[in-house]
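Welcome, and take a moment to turn the model around before reading on. We will walk through it together, one region at a time.

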Amino acid sequence: VLASGQGSPLLQTTGLVEGVQFREYYYLVDGANYVKVKLDQATPACSTWTGPASIAVSGVKASIIARFGARLALSGLKNTPNNWWLSAIDDPEDWTPTAGTPEDSIAGDPIVALIPFGERGLLFGCTHSMTYLTSDPAFGDARMVEMSRTVGVVGPRAWCSGPEKTTFVLGQDGLYVLNPNTFNVDRASRVTAGRLDNAFLRLDFGTALAAGGLVSGGTLAQT
């Protein structure tokens, strides 16, 4: 969409666009652009989101975004897929690292999903593991809990919230239900066990997650 005074749209992409609302703005990322949309106007105004400019490597930017309490979280740089960042509290324009502010990696396992989890946590869904940040590090009681070393998440949108603060995530071998009070995810958490095992064995997630065959965009490829 062209905003007033623009010669071309700020965001034209053939890839996934991820976005979250924070107060009167909606913040968008797609791996190549940072854009924000001001919502409290008759005609929403688009502009470049300059705050996370430092979160880029050779022009590649974050492709995953999540709301984490009073912060925004970014990840999904193709060059450094295991790194993640948090904005300053109440300021999505401030991404300058300070003492005690995470700018860390998750055990070398690429992050594919950022998932708000439980009362005030953030779940890092990786290709073959899951790690849970229990609360905002600014409050002093935050812990990084390794929930699984074998179960991962297949894509940035392969999850949804469930009842009683549970979260459903799609792994390569089935659908799992996660409870924030249970810090160990294994095959017992797989709700499709014994029901859809053969279906998941036939799924080709490499094809399903590729351009034009994305899980969140339509059908899953089957072999």
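Two strands are said to pair if DSSP finds at least two bridges between them. The strands themselves, like the helices, are DSSP runs numbered from the N terminus: helices are H or I runs of at least four residues, and strands are E runs of at least two. What you see is a predicted model, in which local features need pLDDT of at least 70 and side-chain atom pairs count only at pLDDT 80 or more, while totals for chains, interfaces and linings use all residues. Residues are numbered from 1 along each chain as its sequence is written, and side-chain values use heavy atoms, with hydrogens and water left out.

Let us begin with the overall picture. The protein chain holds 16 strands and 2 helices. Of its 223 residues, 40% count as buried. Here buried means under 20% relative accessible area, exposed means over 50%, and partly exposed lies in between, using a 1.4 Å probe and protein chains only. The chain exposes about 11,400 Å², of which carbon and sulfur atoms supply 51%; such areas come from the Shrake-Rupley method with a 1.4 Å probe, and for residues only the protein chains shown count as cover. Contact means heavy atoms within 4.5 Å. Among contacts between residues at least 6 apart in sequence, 38% join residues at least 24 apart.

Now find strand β3, residues 34-38. Why can this strand be called largely enclosed by the rest of the structure? The reason is that 5 of its 5 residues are buried. Both faces are covered, with Tyr34, Lys36 and Lys38 on one side and Val35 and Val37 on the other.

Strand β3 also has partners to look at. In general, strands of a sheet pair through backbone hydrogen bonds, either parallel or antiparallel. Strand β2 (residues 25-29) runs antiparallel to β3 and is joined to it by 5 bridges. Tyr25 stands opposite Lys38 of β3. The two strands form a hairpin with 4 residues between them, and Gly31 in the turn has a positive phi of about 90°. Strand β4 (residues 45-48) pairs with β3 in the antiparallel sense too, over 4 bridges. This hairpin connects β3 to β4 through 6 residues, and Ala45 in β4 is the bridge partner of Lys38.

Strand β8 (residues 71-75) meets β9 over 3 bridges, and Ala73 has Leu86 in β9 as its bridge partner.

Next, look inside. A nonpolar core is a set of buried Ala, Val, Leu, Ile, Met, Phe, Trp, Tyr and Cys residues joined through side-chain atoms within 4.5 Å. The largest such core has 18 residues, and those touching the most other members are Leu123, Met130, Met147, Val153, Val169, Leu178 and Val185. At least two residues of this core come from each of β10 (111-117), β12 (130-133), β13 (144-148), β15 (167-171) and β16 (174-178). Strand β10 gives the most, with 4 residues. Apart from this core lies another, of 15 residues, among them Tyr25, Trp49, Ala62 and Leu74.

What about the cysteines? A disulfide is a covalent bond between the sulfur atoms of two cysteines. With the cut-off of sulfur atoms within 2.5 Å, a search of the whole structure finds 0 disulfides. Cys46 is partly exposed, at a relative accessible area of 24%, and Cys160 is partly exposed as well, at 40%. The C-alpha atoms of Cys46 and Pro9 are 8.7 Å apart, although 37 residues separate them along the chain. Pro9 belongs to the segment before β1.

Finally, two loop residues deserve a glance. Arg23, in the loop between β1 (18-22) and β2, has a positive phi near 55° although it is not glycine. Lys165, in the loop between β14 (159-161) and β15, has a positive phi near 65°. Arg23 counts as partly exposed because its relative accessibility is 49%, and Lys165 counts as partly exposed at 43%.
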